[in-house]
Amino acid sequence: MDERKWIESILAGDMQSFSCLISKYEKMAFTLAFRIVGNREEAEEVTQDAFLKMYQALPDFRFESKFSSWFYRIVYRTALSTIRRQSLFSDVDDVDTSNVTVEEQEQASALLEQNDRKKVIQKTLKELPKSEALLLTLFYLQECTIYEISQITGLSNVNVKTKLFRARKHFYSVLEKEMKNEIKDLL
Amino acid sequence: MKQNNQSLDQLTRRLMEESIEQPSSNLNSRIMGLLRKEQQIKKKTVYFSSLPSVENIIWGMLVYLIVVGTFFYLSRGNIAEMKETIASVVDHYALGIVTISAGTLLFSLCLWMDNRRKCHMKRS
């Protein structure tokens with residue numbers, strides 16, 4: 001059953017279809033909320049609220065955009081109101097045009113061979129500013145396009161691209177440090 | 001350069017696959033429970049579909065007063081007595097009339113607010 005049919009069934013009063021929609025999106029919604037609020041309890045509350053808001057707003061959804069982008073925007077706004085902020089993004093960014101170094105890239109590739117990489121990656125994402133962790137999650141994990149991210153966050157396309165580039169660079173440099181620390185701890 | 005960027009994107013995607021967070025296993029049922037609760041609360045809320053016009057309210061009050069007047073006329077049947085009765089009614093029931101009028105107005109105001117809220121909810 002595709003999403004559109006699920007939504008139509010929900011609007012016709014079928015609660016089971018809403019449960020299916022929750023199953024499909026709960027992990028992604030929770031991950032997004034967790035990136036913004038930073039702890040599991042609050043992230044679960046945000047996820048709950050976002051699903052309830054989505055249910056109430058569903059009659060107004062016109063299929064003009066992707067359902068996922070529309071819903072992630074609800075999650076994003078709900079999480080922001082929990083941390084009492086208008087936006088995660090600052091207007092002025094430090095200009096960092098340097099790319100990921102070969103060494104950083106090699107270290108990251110080596111990480112793929114390790115069994116405990118999940119822990120290192122989660123630690124790395126925690127070290128990053130929330131806005132960068134969110135952009136990386138939306139682009140690389142949720143596979144949103146630049147346009148969809150701009151719809152979710154309210155940033156311009158150019159701004160999303162710039163911030164994403166910077167976030168990726170930052171991710172690799174922090175990852176490299178984390179891996180070095182891990183090796184130090186092992187020794 | 002472009003190829004490097006693409007391979008970097010691929011690598012980042014593979015790394016980020018590990019970053020998905022797992023919510024509690026009962027999150028789905030908790031959300032469904034909350035939703036059912038909310039729907040029950042909603043069912044208890046009564047909305048009036050339309051607001052009676054001012055004309056209708058005035059007519060309603062006039063009809064009410066005529067019914068009351070007729071009742072007293074029929075029970076007493078004498079104009080002189082009737083005048084006296086009206087005076088005593090006004091004297092005794094003035095407070096009641098004011099209260100009823102105030103109640104009617106308050107009811108109309110609540111209906112108006114209710115409809116306004118409903119329109120606002122529809123719009124948002």
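Predicted model: local features only at pLDDT ≥ 70, side-chain atom pairs only at ≥ 80, totals over all residues.
Which side chain meets that of A:E8 in a salt bridge?

1. **A bridge within one helix.** The partner of A:E8 is A:R4, at 3.6 Å from N to O. Both residues sit in helix α1 of chain A, which covers residues 3-11. They are four residues apart, or about one turn of the helix. A:E8 has 43% relative accessibility, so A:E8 counts as partly exposed. A:R4 is also partly exposed, at 44%.

2. **A bridge between two helices.** The side chains of A:K123 and A:E178 form a salt bridge of 4.0 Å, N to O. A:K123 belongs to helix α6 (residues 117-127) of chain A and A:E178 to helix α9 (residues 157-186) of chain A, so the pair ties together parts that are 55 residues apart in sequence. A:K123 is partly exposed, with 41% relative accessibility. A:E178 is buried, because its relative accessibility of 8% is under 20%.

3. **A bridge between chains.** B:R13 and A:E143 meet through their side chains in a salt bridge of 3.7 Å, N to O. This pair crosses from chain B to chain A. B:R13 lies in helix α1 (residues 2-16) of chain B. A:E143 lies in the loop between α7 (130-141) and α8 of chain A. At 26% relative accessibility, B:R13 is partly exposed.

4. **A network, and the total.** Salt bridges also link A:R35, A:R40 and B:E21 in a network. Over all chains, the count of salt bridges comes to 13.

5. **Helix α2 against α3 in chain A.** Helix α2 spans residues 15-37 and helix α3 spans residues 40-57. Their axes are 8 Å apart, at an angle of about 135°. The crossing is right-handed. On the α2(A) side, the residues in contact include A:M15, A:F18, A:F30 and A:V37. On the α3(A) side they include A:R40, A:V46, A:F51 and A:Y55. The residues of this contact divide into 15 nonpolar, one polar and four charged.

6. **Helix α2 against α4 in chain A.** Here α2(A) packs on helix α4, residues 67-82, at an angle of about 40°. The axes are 10 Å apart. This pair is therefore oblique. The crossing of α2(A) with α4(A) is right-handed. Among the α2(A) residues in the contact are A:L21, A:M28, A:L32 and A:I36. Among those of α4(A) are A:F67, A:F71, A:V75 and A:L80. The contact residues divide into 15 nonpolar, two polar and no charged.

7. **One residue in α8.** Is A:I149 buried or exposed? A:I149 is buried, because its relative accessible area of 0% is under 20%. A:I149 is in helix α8, residues 146-153, of chain A. Leaving out residues up to four places away in sequence, A:I149 touches A:L135, A:L138, A:F139, A:C144, A:G154 and A:V160. A:P129 is 20 residues from A:I149 in sequence. The C-alpha to C-alpha distance between A:P129 and A:I149 is 17 Å.

Definitions and conventions:
Residues numbered from 1 in each chain as written. Chains lettered and ligands numbered in written order. Heavy atoms only, no water. Buried < 20%, exposed > 50% of the residue type's maximum accessible area, 1.4 Å probe, protein only. Contact = heavy atoms within 4.5 Å. Axes fitted to C-alpha atoms, helices over the stretch in contact; angles between N-to-C directions. Left-handed = near helix turned anticlockwise from the far one by under 90°. Nonpolar A, V, L, I, M, F, W, Y, C, P; charged D, E, K, R; others polar. Parallel < 35°, antiparallel > 145°, perpendicular 65-115°, else oblique.
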